Amino acid sequence: MTANPTPVRVVLAGARGHGRWHLDNIRRLAEARLVTLAGVCELHPLPDSELAGFGGVAQSSDLGDLLDRTGARAAVICTPIPTHTDLALTAAARGVHLLLEKPPAPSYAAYERMAAGVAEAGIACQIGFQSLGSHAVSHIRDLVRDGVIGEPLGIGAAGAWARDEAYFRRAPWAGRRRLPDGTGSQVDVVDGVLTNPLAHAVATGLALDGATGADDLTDIRTELFRANAIEADDTSYVSITTRTGSRVTVAATLCAERPDEPCVVVHGTRGRITFWYKQDRVLVQRAGHGPQETTYARTDLLENLVAHLTDPTGATELLVTPAATGAFMRVVEAIRRAPDPRPLPASAWHTVPGGGGDGTLRRVVPGIDGLVAASADTLTGYAGLGADWARREKEAAR
């Protein structure tokens, strides 16, 4: 990178909801003179108070028009899942580089269309799996490669989160598998626990295994359930077999009794490595040694994209390219094509007050925290762990 590069002009598409995190991050990078916020694409303009300190920021609900008017060099797209592909292609057609939020698309076909358009345009595209910017990822790979925990036995991820019922009412697409498109057809959404809120658990497990490409997986099996009154899954398990014969499993829920930090556990014949990916924290436990815990730095993905664009040597590589999310998109496609998630019986969940203090309730599945943790320990699904509601579903499917 040059000593004093000209700040990269950026447009943010989707500045509400999770987009507020991106707005704050752009503000941080703007203060470091790495970027300039040139425009915000929103259906309803942001008030001046939310853009204080940025200077003149153009606003429009039309991304193409906004990119044309601002001459932006990069765009951050944090919009509803069904819009990702078309908006990415809108930017690509103008030669605008991208940070595209996860999941990059709601179907494998849409992902392929996006990836092909990006490649044809010759733009840089980063997919927003922030956990893959953690320096812990390469460190864990090195530990496994060096045999620190013996021969690898598999990887299990656990995510026990809580979302109240209002979470699924925050947008028309929330908690949906598909939506009417206004023409009598439907568009894919696939807003399930494994594909959106805890998608990082899936992507991180695959990355630690080294199975990130679209052709790296040979088998994907799912257990999809829902306690909430939604279409998509909120309590699910996926078992993935790679072409090298390794296994990656993920158990996740949005109905935890006591929400906890999600983690990925790498199992070996002589130990294990636990990675709390939101905290960049790694615990190594192995035979003959005391436990060792380390916290690692993280490279921000927008900062990495900017460095890639401004490095005159061309040596700064993108951390999460579309190709590096091909395996994740195979998992999304398997979930999309799976039968609709089964509703849990009323006896399997109850409601408790939500965390907002506004009277909103959230649904809790008793015992789910232990099941999620046990799954990561044993690489076993809910049915195999003895959950009555999962066993009944498995027996009914026979």
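Guide: Let us start with a term: a nonpolar core is a set of buried Ala, Val, Leu, Ile, Met, Phe, Trp, Tyr and Cys residues joined through side-chain atoms within 4.5 Å. In this model, which is predicted, the largest such core has 100 residues, and those with the most contacts inside it are Ile26, Leu37, Leu98, Leu206 and Phe328. Its largest share, 7 residues, comes from helix 6 (residues 199-209). A second, separate core has 22 residues, among them Ala158, Ala251, Cys263 and Ala390.

Visitor: What is leucine 37 in contact with, leaving aside its neighbours within four places in sequence?

Guide: With that exclusion, leucine 37 is in contact with Val10, Leu12, Leu23, Ile26, Leu51, Phe54, Gly56 and Val57.

Visitor: Why does valine 365 count as buried?

Guide: Buried means under 20% relative accessible area, and valine 365 has 0% relative accessibility, so valine 365 counts as buried. Its place is in the loop between strand 19 (361-364) and helix 9 (368-378). Not counting residues up to four places away in sequence, valine 365 touches Ala227, Thr235, Cys255, Glu257, Leu344, Ala348, Trp349 and Trp389.

Visitor: Why is the pair of tyrosine 382 and tryptophan 389 tilted?

Guide: Their ring centres are 5.3 Å apart and their planes stand at 55°, so this pair is tilted. Tyrosine 382, at 0% relative accessibility, counts as buried, and tryptophan 389 is buried with a relative accessible area of 10%. Ring pairs also link Phe225, Tyr237, Tyr382 and Trp389 into a cluster.

Visitor: What lies over the ring of tyrosine 167?

Guide: The charged end of arginine 163 sits over that ring, 5.4 Å from its centre, while arginine 170 lies over the face of tyrosine 167 at 4.0 Å from the ring centre. Both distances can be set against the cut-off, since a charge over a ring must be within 6 Å of the ring centre.

How values were computed
Residues are numbered from 1 along each chain as its sequence is written. This is a predicted model: local features need pLDDT of at least 70, side-chain atom pairs count only at pLDDT 80 or more; totals for chains, interfaces and linings use all residues. Side-chain values use heavy atoms; hydrogens and water are left out. Helices (H or I, at least four residues) and strands (E, at least two) are DSSP runs, numbered from the N terminus. Buried means under 20% relative accessible area, exposed over 50%, partly exposed in between (1.4 Å probe, protein chains only). Contact means heavy atoms within 4.5 Å. Rings of Phe, Tyr and Trp (its six-membered ring) pair if their centres lie within 6.5 Å; planes under 30 degrees apart count as stacked, over 60 as edge-to-face and the rest as tilted. A charge sits over a ring if NZ of Lys or CZ of Arg is within 6 Å of the ring centre and within 35 degrees of the ring normal.
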